[in-house]
Amino acid sequence: MRKFHPLVRYSRRIAAEDAQSETPLDIRTMLSTASKIGPADKVLAFNRSPEGSCCAERPSGIRIATDVCRARCYGWKTSEGRDGVLERAEKNDAIARRADFVRLIVGAIRHSGVHWLRVHDLGDFDTVEYIDAWYEIVSMLGDVHFWAYTRSWRDLDLLPALLRLASLPNLDLLFSWDRKTGTPPHITGIPWAWFADTDGDPPPERSSVVLRGTNERNREEDRRRKAARDRGEKLPPRVGRNVVPLKSINGSPVCPLETGMPVKDKHRDCITCQRCMPKARKRTSR
Ligand code: SF4
């Protein structure tokens, strides 16, 4: 009989109890997949809801999301059938508040067998306690590589905890910014990711990667994808989906999946590309 790690056993037991409760958090499915990051047997993501994290007003009075990212956030497109994504993320808000969050997610990651985890395909870090929980999780799973983009550098109450988290060797943390965020602090070892709303929206300072406001994030493309899902089809990333093919903006490289040009196999997903993950590249000697 297969012998599970004690935390896997714990996570499975709590998930089974949760499934029987009247208001289940669906602990079994707290880890999500996304085609951009890589195949589900290798990489998963843990999401938080926008309302519960990046779009919420912080005690310091700041809301770290800007009008630019809110306008493009796929998490808000509930009218196009994305409500399942939001519901899952809202349940994760509650899971993240549990006293046993670290044990639950470490058990779930171990049980899944993946060695890559994207922290927040949707959502962001919202409290010092939550960031410290990730510090524990990442420290406990030295053979898993984590990466996260954050705008929580804008919340000075959280910055020291973020820098501590970023010091871990198996996590790449990127400061995300756009024309409304202000300029992130220059910290050695923390790359910047610029969100270009349009191709006429270059980063004022060089960034390690530019993520474009692609057609794929627009409503027309959303509808095309929803129609395909309803037919039981899964659409691959759309080649040439950007209006103008573009490799870089103002000297900062565009994510290879968003250049609007044919995607080379070495860039087919995040865990293969690793442009946003200098520590991962070093670990795998690329
Ligand atoms: S540059 Fe590479 S690692 Fe970064 S988001 Fe694009 S595909 Fe993912």
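Two ground rules. Residues are numbered from 1 along each chain as its sequence is written. Because the model is predicted, local features need pLDDT of at least 70 and side-chain atom pairs count only at pLDDT 80 or more, while totals for chains, interfaces and linings use all residues.

Start with the whole. The protein has nine helices and nine strands; these are DSSP runs, at least four residues (H or I) for a helix and at least two (E) for a strand, numbered from the N terminus. Of its 286 residues, 37% are buried, meaning 20 or more other C-beta atoms, placed from the backbone, lie within 10 Å of the residue's own.

Now strand E6, residues 192–196. Five of its five residues are buried, so E6 is largely enclosed by the rest of the structure. Trp 192, Trp 194 and Ala 196 cover one side; Ala 193 and Phe 195 are on the other.

What are its neighbours? E5, residues 171–177, runs parallel to E6 and is joined to it by three bridges. Phe 175 stands opposite Trp 192. E7, residues 209–212, is also parallel to E6, with four bridges. There, Val 210 partners Trp 194.

Next, helices. H4 (residues 101–112) and H5 (residues 128–140) pack at about 35 degrees, axes 10 Å apart.

Last, the ligand. Among the residues around the ligand are Cys 255, His 267 and Arg 275; around means a C-beta atom, placed from the backbone, within 6 Å.

Methods: Axes fitted to C-alpha atoms, helices over the stretch in contact; angles between N-to-C directions. Buried ≥ 20, exposed ≤ 12 C-beta atoms within 10 Å, placed from the backbone. Pairing = 2+ DSSP bridges.
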